[in-house]
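Work through the exercises below with the sequence and the coordinates at hand. Each task is followed by a solution in steps.

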Amino acid sequence: MPNWCETTYKCVGEPKEVRSLYNAIRKNDKRKTPRVKNGFGNLWLGCIIDQLGGDWNKYQCRGEITYYEIEKDASMLTIYQETAWCEQEGFRQFIQEKFPSIEVYYLEEEPGCEVYYTNSFEYFPDRFYLDCYEDPQYFETIEEVAKYVTDFTGKEVENSVDSIQNALDEYTEEKEAAGEDVFFSLHEIGLTDN
């Protein structure tokens with residue numbers, strides 16, 4: 001069984017092409033049965049490729065769309081997916097081949113193997129992810145992370161990953177010694193060029 005990756009696409013391009021992609025997803029979403037037999041359902045990535053006239057066997061399709069929304073001016077379509085292990089780059093490549101004006105920017109988050117990457121800090125500006133026992137937090141700068149950690153630990157934290165992680169470790173030890181169950185995991189979101 002794979003680790004599941006939360007992948008978000010921002011599909012940006014000419015409104016006509018963005019709308020066509022949106023309509024293909026929506027047609028599959030409204031079906032009573034999947035277009036292609038699979039273990040995911042109507043919004044399996046392979047169903048979308050098939051709807052658009054492609055051969056899903058040629059692309060990585062292990063995953064499904066969980067939510068999608070189009071901007072009012074149809075300049076951007078946001079697609080949320082749950083995929084196996086990582087972003088399914090074949091699906092992204094197919095979209096860009098089928099719709100030449102569309103650029104697909106993505107963020108992939110798979111905590112089991114600590115995979116946190118994006119191909120655009122413009123569309124996904126957060127650079128740090130703090131997984132914690134309460135609500136996970138996202139931050140654009142290391143200074144924001146340090147301030148957040150300083151505020152809840154009550155100890156001044158320097159603007160560095162090591163300083164922040166040390167403060168989180170100390171705080172966790174203190175809380176566990178007091179019988180509380182807490183956890184923190186700080187991750188830097190990497191920039192990839194594909």
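**Exercise 1. Salt bridges**

Task: State how many salt bridges the model contains, and describe the pair formed by Asp50 and Arg35.

Solution. The model is a predicted one. The criterion is a side-chain nitrogen of Lys or Arg within 4 Å of a carboxyl oxygen of Asp or Glu. By this rule the count is five salt bridges.

Step 1: Step 2: the two partners are 15 residues apart and link distant parts of the chain, Asp50 being in helix H2 (residues 45-51) and Arg35 in the loop between helix H1 (15-30) and H2. Step 3: Asp50 has a relative accessible area of 25%, so Asp50 is partly exposed. Arg35 is at 34% and therefore also counts as partly exposed.

**Exercise 2. Two further pairs**

Task: Find the salt-bridge partner of Lys155 and that of Glu180, and classify the exposure of Lys155 and Glu180.

Solution. Step 1: the partner of Lys155 is Glu174, and the closest N and O atoms are 2.7 Å apart. This pair again joins distant parts of the chain: Lys155 belongs to the loop between helix H4 (142-153) and H5, Glu174 belongs to helix H5, and 19 residues separate them. Lys155 is partly exposed because its relative accessible area is 39%; for Glu174 the value is 41%, so Glu174 is partly exposed.

Step 2: Glu180 pairs with Lys175, where the closest N and O atoms are 3.8 Å apart. Glu180, at 38%, is partly exposed, and Lys175, at 23%, counts as partly exposed.

**Exercise 3. Surface charge**

Task: Which residues gather in a patch of negative charge on the surface, and where in the chain is Asp181?

Solution. Step 1: the patch consists of Asp169, Glu170, Glu173, Glu176 and Asp181. Step 2: Asp181 is placed in the loop between helix H5 (161-177) and strand E8 (184-188). Step 3: its relative accessibility is 71%, therefore Asp181 counts as exposed. Step 4: for the protein as a whole, the charged side chains number 19 positive and 40 negative, and the centres of these two sets lie 17 Å apart.

**Exercise 4. Gln81 and helix H3**

Task: Decide whether Gln81 is buried or exposed, list what Gln81 touches, and identify the elements against which the buried residues of H3 pack.

Solution. Step 1: Gln81 is part of strand E3 (residues 76-84). Step 2: the cut-off for buried is under 20% relative accessible area; Gln81 is at 0%, so Gln81 is buried. Step 3: leaving aside residues up to four places away in sequence, Gln81 touches Cys5, Glu6, Thr7, Tyr9, Leu45, Glu64, Ile65, Thr66 and Phe91.

Step 3: among these contacts is Phe91, which is one of the buried residues of helix H3 (residues 89-98), together with Gly90, Arg92, Phe94 and Ile95. Step 5: the packing partners of the buried H3 residues are strand E1 (4-12), H1, H2, strand E2 (63-70), E3 and strand E4 (103-110).

**Exercise 5. Positive phi**

Task: Locate Trp85 and Glu114, and give the phi of Trp85 and of Glu114.

Solution. Step 1: Trp85 sits in the loop between E3 and H3, and its phi is near 70 degrees, positive in a residue other than glycine. With a relative accessible area of 39%, Trp85 is partly exposed. Step 2: Glu114 is in the loop between E4 and strand E5 (115-118). Although Glu114 is not a glycine, its phi is positive, about 55 degrees. Glu114 is exposed because its relative accessible area is 52%.

**Exercise 6. The whole chain**

Task: Give the order of elements from the N terminus on, the extent of the C-alpha trace, and the share of buried residues.

Solution. Step 1: the protein has five helices and nine strands, and the order is β-α-α-β-β-α-β-β-β-β-α-α-β-β. Step 2: the C-alpha trace spans about 60 × 35 × 25 Å along its principal axes. Step 3: of the 194 residues, 45% are buried. Step 4: the accessible surface is about 10,600 Å², and carbon and sulfur atoms account for 44% of it. Step 5: taking contacts between residues at least 6 apart in sequence, 55% join residues at least 24 apart.

Key:
Residues numbered from 1 in each chain as written. Predicted model: local features only at pLDDT ≥ 70, side-chain atom pairs only at ≥ 80, totals over all residues. Heavy atoms only, no water. Patch = residues over 30% accessible without salt bridge, like charges linked within 9 Å, V, L, I, M, F, W, Y side chains within 5 Å. Areas by Shrake-Rupley, 256 points an atom, 1.4 Å probe, with all protein chains shown as cover. Lys, Arg positive; Asp, Glu negative; His and termini not counted. Charge placed at Lys NZ, Arg CZ, Asp CG, Glu CD. Helix = DSSP H or I, 4+ residues; strand = E, 2+ residues; numbered from the N terminus. Buried < 20%, exposed > 50% of the residue type's maximum accessible area, 1.4 Å probe, protein only. Contact = heavy atoms within 4.5 Å.
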